[in-house]
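Visitor: Could you walk me through this model? I would like to go by questions and answers.

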Amino acid sequence: MNYLVAVVSDRIQAETAYSVLEKEGFPLNQVSILGRGYKSADEYGLIDPNEQAIKQSKLMATWLIPFGFFAGIVFSVISGLQTFSWAGEIGNHVVGGFCGAIAGAMGSFFVGGGAGVAFGSGDALPYRNRLNQGKYLIVVNGSPRSINQASLILRKLDLEGLQSYLEE
């Protein structure tokens, strides 16, 4: 999908931009206002990076924890370490497996969750931050031609930012 996102500082500018698009004959079913009193980021479908990080962490945990368990057992068998003398030979392998599973859980939490927050949000996080600051977003979706048309119309206004996202 192709998008154009304009950032404005207040509600009056958002309504002005919407009205200008309407007067130019732009299809209003392709235009949305995000901000206080209009659609929220969640209602529009703007990705929440924290939610994505939790999903990524759970996804990674489903394969990293079992892999870590078996890798811990294999390492224990290959190395022949007797770290816990009280556990015996089989007990040491099981404890090694649990240590590997714990390492897998930590990996899924830190890499899946941390990387999800840092890299998984794309431009959604800056736009969410703008909305949290009380600013408004005008989002236009449609064909590349209509995005270019809307861009030309909105550039005439006093905008804080204007960004288009076109599929190739």
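This is a predicted model: local features need pLDDT of at least 70, side-chain atom pairs count only at pLDDT 80 or more; totals for chains, interfaces and linings use all residues.

Visitor: Is Lys-135 buried or exposed?

Guide: Residues are numbered from 1 along each chain as its sequence is written, and side-chain values use heavy atoms, with hydrogens and water left out. Buried means under 20% relative accessible area, exposed over 50%, and partly exposed in between, using a 1.4 Å probe and protein chains only. Lys-135 has 19% relative accessibility, so Lys-135 counts as buried.

Visitor: Which residue forms a salt bridge with Lys-135?

Guide: A salt bridge here is a side-chain nitrogen of Lys or Arg within 4 Å of a carboxyl oxygen of Asp or Glu. For Lys-135, the closest N and O atoms of the pair are 3.1 Å apart, and the partner is Glu-160. The pair links distant parts of the chain, 25 residues apart: Lys-135 in the loop between helix H5 (124–132) and E3, and Glu-160 in the loop between H6 and E4. Helices (H or I, at least four residues) and strands (E, at least two) are DSSP runs, numbered from the N terminus.

Visitor: What is the N to O distance in the salt bridge of Arg-11 and Glu-15?

Guide: Both residues lie in helix H1, four residues apart, about one turn of the helix. Arg-11 is partly exposed at 37%, and Glu-15 is partly exposed at 34%. Their side chains meet with an N to O distance of 3.2 Å.

Visitor: Which strands stand at the edges of the sheet?

Guide: Two strands pair if DSSP finds at least two bridges between them. The open sheet has four strands in the order E2-E3-E1-E4, with antiparallel pairing. Each edge strand has a single partner strand, so one side of each is left without a neighbour in the sheet; these are E2 (31–34) and E4 (161–165).

Visitor: Which residue in E4 is the bridge partner of Val-5?

Guide: Strand E1 (residues 2–8) runs antiparallel to E4, and five bridges join them. In E4, the partner of Val-5 is Gln-163.

Visitor: Which strands does helix H1 touch?

Guide: Contact means heavy atoms within 4.5 Å. Helix H1 (residues 11–23) packs on the sheet, and the strands touched are E1, E2 and E3 (136–142).

Notes:
Axes are lines fitted to C-alpha atoms, for helices over the stretch in contact, and angles run from 0 to 180 degrees between N-to-C directions.
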